[in-house]
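Visitor: I am new to this structure and would like to be taken through it step by step. Could you show it to me before I begin asking?

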Amino acid sequence: MDSLIHAMGFKQALEAAKANRWEDAEEILKSLQEEYFALCEENRALKEQLTEVVEILDLSQSMRFDGRKYWLTTEDGEDGPFCQVCYDQTGTLVRLQEQKRHWQCKGCGNLFIKQGHPLEKAAATNRSRMPSQLVKNPIPLFVK
């Protein structure tokens, strides 16, 4: 539809010029020029968005989740670890800071206990004791 409007605008400018209505032709051409610049800007913004989406998809395909943290797979090996919470919520890679017994995220403040640490073993034991289904009889959201 827009291309039809633009085509009609050029036709109107041509007809105005043929009738020696130069001011009308100039106004129509100025209007078409403004629309052209707006379309160029919209096209540039859409290309930037597409580039961002492609980069995000490429990044997500390079991520490996070890069950607690993310690792970025590169040509040189793996980089990381990165915070699972920050990446899942905002798509931001926040490098975890290694401490003696855990990894710490400076972005969200979460702690990730290192594997093999006694606290990590206790947490794994507690997870195995948890029931597979916490709610046997769910409460309906809407009541008739």
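Visitor: How many helices and strands does the chain have?
Guide: This is a predicted model, in which local features need pLDDT of at least 70 and side-chain atom pairs count only at pLDDT 80 or more, while totals for chains, interfaces and linings use all residues. Residues are numbered from 1 along each chain as its sequence is written, and side-chain values use heavy atoms, with hydrogens and water left out. Helices (H or I, at least four residues) and strands (E, at least two) are DSSP runs numbered from the N terminus, and from that end the elements follow the order α-α-β-β-β-α-β-β-β-α. The secondary structure therefore comes to four helices and six strands.

Visitor: What share of the residues of the chain counts as buried?
Guide: A residue is called buried under 20% relative accessible area, exposed over 50%, and partly exposed in between, with a 1.4 Å probe and protein chains only. The chain has 144 residues, and the share of them that counts as buried is 17%.

Visitor: Over how many bridges do β2 and β3 pair?
Guide: A hairpin through two residues joins β2 to β3, and T74 has G77 in β3 as its bridge partner. Strand β2 covers residues 69–74, and its antiparallel pairing with β3 extends over five bridges.

Visitor: Which residue in β3 is the bridge partner of Y70?
Guide: In general, strands of a sheet pair through backbone hydrogen bonds, either parallel or antiparallel. For Y70, the bridge partner in β3 is F82.

Visitor: Is Y70 buried or exposed?
Guide: Rings of Phe, Tyr and Trp (its six-membered ring) pair if their centres lie within 6.5 Å, and planes under 30 degrees apart count as stacked, over 60 as edge-to-face and the rest as tilted. A search of the whole structure finds three aromatic pairs, and one of them is the tilted pair of F65 and Y70, with 4.8 Å centre to centre and 45 degrees between the planes. F65 is partly exposed, with a relative accessible area of 39%. Y70, by contrast, has a relative accessible area of 12%, so it counts as buried.

Visitor: Which residues form the aromatic cluster?
Guide: The tilted pair of Y36 and F37, at 5.8 Å centre to centre and 55 degrees between the planes, is another of the aromatic pairs. The one aromatic cluster is formed by F65, Y70 and Y87.

Visitor: Is N20 buried or exposed?
Guide: N20 lies in the loop between α1 (2–18) and α2 (22–61), and its phi is near 60 degrees, a positive value in a residue other than glycine. Its relative accessible area is 55%, so N20 counts as exposed.

Notes
Two strands pair if DSSP finds at least two bridges between them.
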